[in-house]
Each structure stands twice: as structure tokens, then as C-alpha cells.
Amino acid sequence: MQTNGNGIMNRYVLVLNQSYEPVMVTNAKRAVILVLLDKAEEVVHYDEEIHSPSTTMPLPSVVRLSRYVHIRSRGIVLTRKNIFKRDNHRCQYCGTTSVPLTLDHVHPRHRGGKDTWENLVAACHPCNVKKGNRLPAEAEMPLRRKPHKPSRITYFQKFVRRRQAAWRPYLYMEPVS
Ligand SMILES: [Zn+2]
């Protein structure tokens, strides 16, 4: 397959499972093969096109596997330090990075909230006190982003540049609506 010669076949492509969960980041060359073999379908494409003598296709940016693939996840350990790291040492309510952080249970512990990646976020002390024993909605303190287990996703997020803006919803990088 001919390319424009500017390395577009090395462009990053996000591969989603059939369930739309991110599975891996690969290059356009491998993604195109998956699409041509009907092992994946294009979900989002870049502006460029790929030309061959017989066909022209858009350069894939996000593809989705046709069949569900079981992934054995090697998870990151749930610790205070790793939660702060995941949250970029930023209070998930007001956004400050300039004060010492505490751990906040999004769904309060006293009301059954668990110690999980999805329920623990970094919060500055004033926000933690202000929120108290309430849910974010009750306290009118929306989270800046939905907390998730890092590992794979965090790793994939590091590939996102301006060109990969379309990946953001698939990598939970858009604010919770
Ligand atoms: Zn705060």
C-alpha cells in the first residue's frame, strides 16, 4: 500500500474492544490490516487518506474490534499515592494543585461508599470539609472527571495530542456531563 511518505502509517491508532473499551494503541499500518481483514471497523479517522492502486481509505484514528477480546488486566494497586497520581495531584472538586490533598470518598463511607478507584478522589481539605457527608450532586460540587481505575487507560491517555482529540471520549478524558 502506498503512503504519502510522511510516516502516516506510523500514526497512533486507538483500538477499542467490541464493547468500546480501549484495548491498545497500535500504528496505522496494523490498524489498516485489521480493517481490511474485517477484524475491526473504523470508528474515527484522521484527515489524511491512504491510497493504493485499487482503493482509497481514510487513515484510521480509532478502530473497534469485531469480536470481543478478553483482556487480563494487570491493575495498579489502590493506594493514596496512586490516587493522587491518577488525579494529577489536583483537587477533583475545585481544581487546585497548590495545597496538601486528602482522600475523599465520592459516595461517603458512612453511607456505604467503598474504597475503590471509582469512589476515591483527591480533594483539598476545604473541599473535603465542605462536601462533608454528601454526594457531589447534593453538595453541588461536581467532579472534574469521573474517577476510574488507571492502568491501561492512563497509559493510553499519554498518546493523546491535538491530532488525537477524537480519542478523548473513549479514554474518559471528557468532563462528566
Ligand atoms: Zn478543592
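Modeller: A residue is called buried when its relative accessible area is under 20%, exposed when over 50%, and partly exposed in between. This is a predicted model. Let us begin with R11. Its relative accessible area is 10%, so R11 is buried.

What does R11 touch? R11 forms a salt bridge with E48, and the closest N and O atoms are 2.8 Å apart. E48 lies in strand β3, residues 40-51, while R11 lies in the segment before β1. That links parts of the chain 37 residues apart. R11 also meets a ring. Its charged end sits over the ring of Y46, 4.7 Å from the ring centre.

Now turn to rings that pair with rings. Such a pair is described by the distance of the centres and the angle of the planes. The structure holds one aromatic pair. The partners are Y12 and F159, with 4.7 Å between centres and 80° between planes. The planes are over 60 degrees apart, so the pair counts as edge-to-face. Y12 is in strand β1, residues 12-16, and F159 is in the segment after α5, so the pair ties together parts 147 residues apart in sequence. Y12 is partly exposed at 40% relative accessibility. F159 is buried at 15%.

Back to charges. Side chains of opposite charge can pair when their charged atoms come close. A search of the whole structure finds eight salt bridges. One of them joins R145 and D87, with the closest N and O atoms 3.8 Å apart. R145 sits in the loop between α4 and α5, and D87 in the loop between α2 and β5, so their contact ties together parts 58 residues apart. D87 has 3% relative accessibility, so it counts as buried. Another salt bridge brings R168 and E174 together at 3.9 Å, N to O. Both ends are partly exposed: R168 at 30% and E174 at 36%.

Which residues hold the zinc ion? The protein donors are the SG atoms of C91, C94, C124 and C127, 2.3 to 2.4 Å from the zinc. Their angles run from 102 to 115°, so the arrangement is tetrahedral. The spacing in sequence is C-x2-C-x29-C-x2-C. C94 lies in the loop between α2 and β5, and C127 in helix α3, 33 residues apart. C94 is partly exposed at 43%, whereas C127 is buried at 9%.

Definitions and conventions. Residues numbered from 1 in each chain as written. Predicted model: local features only at pLDDT ≥ 70, side-chain atom pairs only at ≥ 80, totals over all residues. Heavy atoms only, no water. Phe/Tyr/Trp six-rings, centres within 6.5 Å; stacked < 30°, edge-to-face > 60°. Helix = DSSP H or I, 4+ residues; strand = E, 2+ residues; numbered from the N terminus. Buried < 20%, exposed > 50% of the residue type's maximum accessible area, 1.4 Å probe, protein only. Lys NZ or Arg CZ within 6 Å of the ring centre and 35° of its normal. Donors = N, O, S within 2.8 Å, 3.2 Å for Na, K, Ca; no water. Tetrahedral: all angles 85-135°; square planar, octahedral: opposite > 155°, others 65-115°. Salt bridge = Lys/Arg side-chain N within 4 Å of Asp/Glu carboxyl O.
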